[in-house]
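Morning, everyone. Please have the sequence and the model open while I talk.

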Amino acid sequence: MKRTDLAINIAGHELANPVMTCSGTFGSGKEYCSFMDLNMLGAVVCKGISVLPWNGNPPPRIAEVYGGMLNSVGLQNSGVDSFIANDIPFLRKFNTKIVANLVGHSLSEYEAVAQRLNETDIDMMELNISCPNVREGGATFGTDTRKAAEITTVVRRVCTKPLIVKLSPNVTNISEIAIAVESSGADAVSLINTVLAMRIDIYRRRPVLAQKVGGMSGPAVKPIAIRMVYQVARAVKIPVIGMGGIRTPEDAIEFLLAGASAVGVGSSHFFNPQASVEVVNGIRSYMEGQGFASIREINEALIDE
Ligand SMILES: Cc1cc2nc3c(=O)[nH]c(=O)nc-3n(C[C@H](O)[C@H](O)[C@H](O)COP(=O)(O)O)c2cc1C
């Protein structure tokens, strides 16, 4: 019988399995470690980190929708110094990779946070150019091919660790942006960030979110994410990390068949803190049951001729 190996490789770094957390949905794992074993995860992708602390947007900034949620949190975080002092030492106690998610308002802010993080012992960086909830920075870089390439080049110059670029679904042609960041030095791409969306309270006759629009995540966005991962995996040679609506192992396996080398579990943690561990175990059972020895074999197994 073939040995089942869940390990995957991103820019020469081996992850024990392909399951990560999605940035912003798991903190740095502190709130979750009493519900699950962080050693079970391929990587913990931390919340977005900026040079200085950010307060985020005013409430209401969360709303439920069928099959998911809207958020306009706006990358609230306590800044890179606090991350280095508190979060990295906490996560280093576990046998999992640490991925820091970088945010900024400008090229120079992204560059500065990348420079600081490069001096630490985190394993990888994820460049968030796709947050829809900040006025400057965020998606203004991720929805413009030229700007996406430019910011990847700037961060690549100061980042000697594997660099993942997180793409926005709020574009006409996501493959074009993926190709641009690959040519500018990205080691991997992750997708999707949240989908721009809105809810209206019919009795108050006002938008539900204070910011009016926010980003939608959860099971309802999964078919959009699968389509985009499928397209991007065929457009670039670097690994693709797929996320958007993963709730069960079966959801994650769909992403692997679409061509994702790894997957992220996000909003599902809010109603099932063990979701990512269940996904790891379910992928292993599927591989054993279907006779797959590696994640790459699943990546190559889709019949779509
Ligand atoms: C409350 C919340 C906060 C988020 N914060 C970040 C963030 O800081 N950086 C980032 O790149 N993505 C952030 N995201 C997007 C998620 O990482 C993920 O790409 C998206 O939610 C889709 O996955 P899901 O449907 O499994 O949640 C956030 C999502 C939510 C719901």
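I'll take a sheet, a helix, a lysine and the ligand shell in turn.

One caution before that: this is a predicted model.

Start with the sheet. It is open, has four strands, and runs in the order β5-β6-β14-β11 with antiparallel pairing. The edges are β5 and β11, residues 195-198, and each of them pairs on one side only. On average, neighbouring strands are turned by 40° against each other, ignoring direction.

Now walk across it. We begin with β5, residues 62-65, and β6, residues 68-71, which are antiparallel and joined by four bridges. Glutamate 64 has methionine 69 in β6 as its bridge partner. These two strands form a hairpin with two residues between them, and glycine 67 there has a positive phi near 70°.

Next step, β6 to β14. Strand β14 covers residues 213-217, runs antiparallel to β6 and is joined to β6 by three bridges. Look at leucine 70: methionine 216 in β14 stands opposite.

On to helix α6. The helix spans residues 222-235, which is 14 residues. From first C-alpha to last α6 reaches 20 Å, close to the 20 Å expected at 1.5 Å a residue. Which residues of α6 are buried? They are Lys222, Ala225, Ile226, Met228, Val229, Tyr230, Val232 and Ala233. In an α-helix there are 3.6 residues a turn, so residues three or four places apart point the same way.

Now lysine 97. You'll find lysine 97 in strand β7, residues 97-102. Buried or exposed? Lysine 97 is buried, because 21 other C-beta atoms lie within 10 Å, and the cut-off for buried is 20 or more. Setting aside neighbours within four places in sequence, the contacts of lysine 97 are His13, Leu15, Gly42, Ala43, Asp123 and Met124. Threonine 172 is 75 residues from lysine 97 in sequence and 33 Å away, C-alpha to C-alpha.

Finally, the ligand. There are 25 residues around the ligand, and those that come nearest are Cys22, Gly24, Gly48, Ser217 and Gly266. By type, the shell has 16 polar residues, seven nonpolar and two charged.

That's my tour. Questions, please.

Notes: Residues numbered from 1 in each chain as written. Predicted model: local features only at pLDDT ≥ 70, side-chain atom pairs only at ≥ 80, totals over all residues. Near = placed C-beta within 6 Å. Nonpolar A, V, L, I, M, F, W, Y, C, P; charged D, E, K, R; others polar. Expected span 1.5 Å × (residues − 1). Buried ≥ 20, exposed ≤ 12 C-beta atoms within 10 Å, placed from the backbone. Pairing = 2+ DSSP bridges. Contact = placed C-beta atoms within 7 Å. Axes fitted to C-alpha atoms, helices over the stretch in contact; angles between N-to-C directions.
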